[in-house]
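Please read the following briefing alongside the sequence and the 3D structure, which are shown here.

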Amino acid sequence: MTAESMVAEPTYVIVPGLRGHVEEHWQTLLAATLEKSVIIPPIDTIDLDTRVAALEAAVAGVDGPVILVAHSAGVPTTVYWASRTELSVAGALLATPPDLDKPLGAGHPTREELDAAGWGPLPMSELPMPTIVAASTDDPLAGLDKTTELAQAWGSRLVNLGEVGHLNPASGYGPWPAGAELLAELREMIGVAA
């Protein structure tokens, strides 16, 4: 594919997990290296509709192609959004989605709290854009089998990252150079300029 055949440079919409924007998180550090990026601002509720509305507003506010960069609970937020929106995006990197069917552990909402906040059954149909799911083999919030099941249902390319925990500062990330590499691969898949 030639540079002339590629569409305009994308804007990256960063979709954080439940804890929102964290300065030392790989998403924040990655956004600082991108020419055009928008980070969903912190949201003080786990209410799914509020989070989907914030993503809708962010995507609607961008002129030109959009690539989503979602992590943790930002992944199901993105999947719910994709099932409800009339907007389109060029693609999405979906990193370490949690398994919402199992208890997430101390410090996380319970299944009952998530249900009350609208996080019902996760859509399991093919996503309307090209996606890469980045999976960890030792993620405390989702087993590799579950992440593989999600990637297959969504029609995503699955990338096994090995032992990276939940790919967050508690797991040592910080900088995550593979994130930029996966975005380059996604751009190549969809024919979007670097």
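**His 21 and its surroundings**

Apart from neighbours within four places in sequence, His 21 is in contact (heavy atoms within 4.5 Å) with Pro 16, Thr 28 and Ile 39. This is a predicted model, in which local features need pLDDT of at least 70 and side-chain atom pairs count only at pLDDT 80 or more, while totals for chains, interfaces and linings use all residues. Residues are numbered from 1 along each chain as its sequence is written, and side-chain values use heavy atoms, with hydrogens and water left out.

- His 21 is found in the loop between β1 and α1 (26-33), where helices (H or I, at least four residues) and strands (E, at least two) are DSSP runs numbered from the N terminus.
- His 21 is partly exposed, because its relative accessible area is 30% and the class lies between buried (under 20%) and exposed (over 50%), using a 1.4 Å probe and protein chains only.
- Although His 21 and Pro 42 are 21 residues apart in sequence, their C-alpha atoms are 5.9 Å apart in space.

**The sheet**

- An open sheet is formed by 6 strands in the order β2-β1-β3-β4-β5-β6, with parallel pairing, where two strands pair if DSSP finds at least two bridges between them.
- The edge strands, each of which pairs on one side only, are β2 (37-39) and β6 (157-160).
- From one strand to the next the twist averages 15°, with axes taken as lines fitted to C-alpha atoms (for helices over the stretch in contact) and angles running from 0 to 180 degrees between N-to-C directions.
- Strand β1 (residues 11-15) pairs with β2 in the parallel sense over 3 bridges, and Val 13 has Val 38 as its bridge partner in β2.
- Strand β3 (residues 66-71) runs parallel to β4 and is joined to β4 by 5 bridges, with Ala 95 in β4 as the bridge partner of His 71.

**Buried positions**

- Thr 11, found in strand β1, is buried, because its relative accessible area is 7%.
- Beyond its neighbours within four places in sequence, Thr 11 is in contact with Lys 36, Ser 37, Val 38, Val 62, Pro 65, Val 66 and Ile 67.
- Strand β4 (residues 91-95) is mostly covered, with 5 of its 5 residues buried; Gly 91, Leu 93 and Ala 95 point one way, and Ala 92 and Leu 94 point the other way.
- In a regular strand the side chains alternate between the two faces of the sheet.
- Trp 26, Gln 27, Thr 28, Leu 30 and Ala 31 are buried in α1, and what covers the buried residues of α1 includes β1, β2, β3, β4 and α6 (177-190).

**Cavity and pocket**

- A search of the whole structure finds 1 cavity of 30 Å³ or more, a cavity being a set of points on a 1 Å grid over the protein atoms alone where a 1.4 Å probe fits but cannot get out, whereas a pocket is an open set with protein on both sides within 12 Å along at least five of seven lines, and lining residues have an atom within 4 Å of a point.
- The largest cavity holds about 90 Å³ of space, and its lining includes Val 15, Leu 18, Ile 40, Arg 51 and Thr 77.
- The largest pocket has a volume of about 410 Å³ and is lined by 28 residues, of which Arg 19, His 71, Ser 72, His 166 and Asn 168 lie nearest its centre.

Terms used: Points joined across faces, edges and corners; volume = space filled by probe spheres on them.
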